[in-house]
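The sequence and structure come first.

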Amino acid sequence: MICSKADEALTLLSTLRKDGKKPDVISFSITLSACSRSYKWKEAVSTLNLMRRDDLEPNCISYDAVVNVCERQGQIQSLFGEDLLSAVASQGIQMCEVLR
């Protein structure tokens, strides 16, 4: 079985949370970037939602990774149900920063 960097990052993130540690924005962003590079759009969207449920504000890097992988996989419409645009706007991040 081939294990991608995304699988490793997702496993590490899960382990941290199970051990009672709270991953920070950087940990989540690294995981999201790995998901993006591995074309794992479902995992990226799920991880972004988990990040938001943990009361962490995604940054431009986080959003960029998710938008990028969804766009490349033809799944950009899946983000509209995630209220992504209003979340980005509420943080004052310009969409052109995310959609560069």
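## Asp54

Asp54 has a relative accessible area of 16% and is therefore buried (under 20% relative accessible area, with a 1.4 Å probe and protein chains only). The model is predicted: local features need pLDDT of at least 70, side-chain atom pairs count only at pLDDT 80 or more, and totals for chains, interfaces and linings use all residues. Residues are numbered from 1 along each chain as its sequence is written, and side-chain values use heavy atoms, with hydrogens and water left out.

Asp54 lies in the loop joining helix H3 (41-53) to helix H4 (60-72); helices are DSSP runs of H or I, at least four residues, numbered from the N terminus. Beyond neighbours within four places in sequence, Asp54 contacts Arg17, Lys22 and Phe28 (heavy atoms within 4.5 Å).

## Helices H2 and H4

The axes of helix H2 (residues 25-37) and H4 come within 8 Å and cross at roughly 15°. Axes are lines fitted to C-alpha atoms, for helices over the stretch in contact, and angles run from 0 to 180 degrees between N-to-C directions. H2 and H4 are therefore roughly parallel (angles under 35 degrees).

## Nonpolar core

The largest nonpolar core has 23 residues, of which Leu32, Val66 and Cys70 touch the most other members. Such a core is a set of buried Ala, Val, Leu, Ile, Met, Phe, Trp, Tyr and Cys residues joined through side-chain atoms within 4.5 Å. Helix H1 (5-18), H2, H3, H4 and helix H5 (84-90) each supply at least two residues of this core.

Apart from neighbours within four places in sequence, Val66 contacts Leu32, Ala44, Val45, Leu48 and Leu79.

How values were computed
Buried means under 20% relative accessible area, exposed over 50%, partly exposed in between (1.4 Å probe, protein chains only). Angles under 35 degrees count as roughly parallel, over 145 as roughly antiparallel, 65 to 115 as roughly perpendicular and the rest as oblique.
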